[in-house]
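Please keep the sequence and the model in view while going through them.

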Amino acid sequence: MSQVNSLSRTKTRISLIDEIRGFCILAMIIHHALFDIVYLFQDTWFMPLLQFAESIRMPFVFAFVGISGLSSRLSHSNALRGVKLLGIALGLTLVTWLVMPEELIVFGILHMLAFCMLIFALLRPLLDKIPTWVGIVICLVLFVVTSNVGNGQLGIPNLLYWQIPEAVMQCPWLFPLGITTSGFYSADYFPLFPWLFFFLAGSYVGIWMKEGRYPKWMEPKRVPFLDFVGRHTLWVYVIHQPIVYGILYVVYNWILA
């Protein structure tokens, strides 16, 4: 009987996950809007709010990436999702290059998540052989070990680390891995190292969700708006920047001019 209940629960959408994801994407939108106000429209009055948003943004990023990894266990085809998302990400790069070069996105969070989905789909037969708890621990350790790649180190800073050779650090094509040269710029930058490993850690948590091993109170909707945004996160993320920029352009060039 417990097996039947568990299987039936996996078919029920876990609304709390959508609501958290929706809340995270709204927080990102507010952060992006403040960035545009301060740096594109030169309104420094909002600088304290931007600094506050910068100071609290990382918990939202962790939650968003972790939930994306968790959702990979609930998806029917991560390879297809990854290919579609990569196409959208590359389109975003093209649009920012043509329309807003000052906000060029070379390898942002959509690029990173697309590659994470593709890598997960490729490595899933191997990942499935690792027990859930072991997988979570390994991924979190690798997250820490690769968190300082941008500064040329693998390991724990100032404690136990290996210096990445200078020849590798000067390679201009390793920016997807977190290794950047002095001329590199991306308005939104989320490299695979270390974020791939937090995504994979979330994918192991997703095993429990798929098996129905979560509290029942996570299923019902509590905030329909956040639930809606969380279900359509990709499109909200893609269209928010031109909408926000358009509104700010009207405000600063027409209303307040």
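1. In which helix is Ser71 found? The model under review is a predicted one, and in it Ser71 lies in helix α3. With a relative accessible area of 12%, Ser71 falls under the 20% limit and is therefore classed as buried. Apart from neighbours within four places in sequence, Ser71 is in contact with Arg21 and Arg81.

2. Helix α3 covers residues 47–72 and packs against helix α5, which covers residues 109–127. The angle between these two helices is about 30°, and their axes are 11 Å apart. The crossing of α3 and α5 is right-handed. On the α3 side the contact is made by Phe64, Val65, Ser68 and Ser72, and on the α5 side by Ile109, Met112, Leu113, Phe120 and Arg124. Sorted by class, the residues of this contact are 6 nonpolar, 2 polar and 1 charged.

3. Helix α5 also packs against helix α8, which spans residues 192–210. Here the angle is about 55° and the axes are 10 Å apart. The crossing of α5 and α8 is right-handed. Among the residues that make the contact are Met112, Cys116, Phe120 and Leu127 of α5, together with Leu192, Trp195, Phe199 and Lys210 of α8. The contact of α5 with α8 comprises 14 nonpolar, 1 polar and 2 charged residues.

4. Cys116 deserves a separate remark. This residue is found in helix α5, and it is counted as buried because its relative accessibility is 0%, where buried means under 20%. If residues up to four places away in sequence are not counted, Cys116 touches Leu192, Leu196 and Phe199. Cys116 and Trp217 are 101 residues apart along the chain, and their C-alpha atoms are separated by 30 Å.

5. Which residues touch the most other members of the largest nonpolar core? This core has 48 residues, and those in question are Ile109, Leu110, Met112, Trp195, Phe199 and Leu200. At least two residues of the core come from each of α2, α3, α4, α5, α6, α8 and α10. The greatest contribution is that of α8, with 11 residues. Leu110, leaving out residues up to four places away in sequence, touches Leu85, Ile88, Ala89, Leu92, Leu234, Tyr237 and Val238. There is also a second, separate core of 8 residues, which includes Leu16, Ile17, Ile67 and Met218.

6. Most residues other than glycine have a negative phi, and most peptide bonds are trans. Gln42 has a positive phi, near 55°, although it is not glycine. Gln42 is found in the loop between α2 and α3. Its relative accessibility is 58%, and Gln42 is therefore counted as exposed, since the limit for that class is over 50%. The second detail is the bond that joins Phe193 and Pro194, which is a cis peptide bond with omega of about 15°. Pro194 is found in helix α8.

Methods
Residues are numbered from 1 along each chain as its sequence is written. This is a predicted model: local features need pLDDT of at least 70, side-chain atom pairs count only at pLDDT 80 or more; totals for chains, interfaces and linings use all residues. Side-chain values use heavy atoms; hydrogens and water are left out. Axes are lines fitted to C-alpha atoms, for helices over the stretch in contact, and angles run from 0 to 180 degrees between N-to-C directions. Helices (H or I, at least four residues) and strands (E, at least two) are DSSP runs, numbered from the N terminus. A crossing is left-handed if the near helix is turned anticlockwise from the far one by less than a right angle, and right-handed if clockwise. Contact means heavy atoms within 4.5 Å. Ala, Val, Leu, Ile, Met, Phe, Trp, Tyr, Cys and Pro count as nonpolar, Asp, Glu, Lys and Arg as charged, and the others, Gly among them, as polar. A nonpolar core is a set of buried Ala, Val, Leu, Ile, Met, Phe, Trp, Tyr and Cys residues joined through side-chain atoms within 4.5 Å. Buried means under 20% relative accessible area, exposed over 50%, partly exposed in between (1.4 Å probe, protein chains only).
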